[in-house]
Amino acid sequence: GESEIVGVKSLRPPPPLDIVRVLVTCTRNVAVESIAQKLKGLSRREYMLVVGPESRIGDTAREHLLQARLRRHPDPALKEARCTFERVEAACIRVNEDPYSHQPLVDEVTMEMLAARSVLKQEVLRVGREILGERTQVFLCTIASTSRLLKLWEEHFGKLHPLNIHTVIVDECGCTTESSVAL
């Protein structure tokens, strides 16, 4: 049969030190999109994070991917790092495509690009930790993407700060073999 969320009254955030996290998993990306649409309007604050392949999920779910949330994030240091990287990357492409470029110039621009990439990566990790650790209360993914969620968390926090999930909801649980649930 087809499952349906009739309604959700509220997701009031608990005090900042006691963030309750919920993992909602589904068997298909269509279900992830459906649940994302239903949960989207519950709060102005971005509390939901969708994990999965960008090319296989719907528009609403795509808005809640970490990459999309990072692009929208207002942090000035992140924006500056992104702009610097894009500017240096464009210069690097121009210099490398110019057959008359001298090797020392190519090397210098390449080193600038690597430095800009390093700064951007640090900023992405810093803001990503903020999004994951302080703001996200609901993780939404397919059962197959659960391992991707764990890897994403570990990339940002390492193994010293484990992901604590208070509640796990498995949509269409009866359609899922026990061995495929990575919980």
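In helix α4 of this predicted model, L78, A81, R82, F85, V88, C92 and V95 are buried. Buried means under 20% relative accessible area, exposed over 50%, and partly exposed in between, with a 1.4 Å probe and protein chains only. An α-helix has 3.6 residues a turn, so residues three or four places apart point the same way. On the other side of α4, P76, E80, C83, R87, R94 and E97 are exposed. The buried residues pack against α3 (66–72) and α5 (103–135). Contact here means heavy atoms within 4.5 Å.

Helix α4 comprises 22 residues, 76–97. At 1.5 Å a residue it should span 32 Å, and its end C-alpha atoms are 32 Å apart, which agrees. The expected span is 1.5 Å times one less than the number of residues. At the start of α4, a side-chain oxygen of D75 comes to within 3.1 Å of the backbone nitrogen of A77. A polar contact is a pair of N or O atoms within 3.5 Å; within protein, one must be able to donate a hydrogen and the other to accept it, and residues adjacent in sequence count only if both atoms are side-chain atoms.

Residues are numbered from 1 along each chain as its sequence is written. The model being predicted, local features need pLDDT of at least 70 and side-chain atom pairs count only at pLDDT 80 or more, while totals for chains, interfaces and linings use all residues; side-chain values use heavy atoms, with hydrogens and water left out.

The protein has six helices and four strands. From the N terminus on, the elements run β-α-β-α-α-α-α-β-α-β. Helices (H or I, at least four residues) and strands (E, at least two) are DSSP runs, numbered from the N terminus. Of the 183 residues, 37% count as buried. Among contacts between residues at least 6 apart in sequence, 74% join residues at least 24 apart.

The four strands form an open sheet in the order β2-β3-β1-β4, with parallel pairing. Its edge strands are β2 (48–51) and β4 (167–170), and each pairs on one side only. The twist averages 15° from one strand to the next. Two strands pair if DSSP finds at least two bridges between them. Four bridges join β2 to β3 (residues 138–142), and the two run parallel. M48 stands opposite V138 in β3, and V50 stands opposite L140. From β2, M48 and V50 point one way and L49 and V51 the other way; all are buried.

Helix α1 (residues 29–40) lies across β1 (22–26), β2 and β3. It runs at about 155° to β3. Axes are lines fitted to C-alpha atoms, for helices over the stretch in contact, and angles run from 0 to 180 degrees between N-to-C directions. N29 is found in α1. At 15% relative accessibility, N29 counts as buried. Not counting residues up to four places away in sequence, N29 touches R56, I57 and T142.

I57 sits in the loop between β2 and α2 (59–62). At 5% relative accessibility, I57 also counts as buried. With the same exclusion of residues up to four places away, I57 touches N29, V50, R62 and L65. The C-alpha atoms of I57 and A31, 26 residues apart along the chain, are separated by 9.5 Å.
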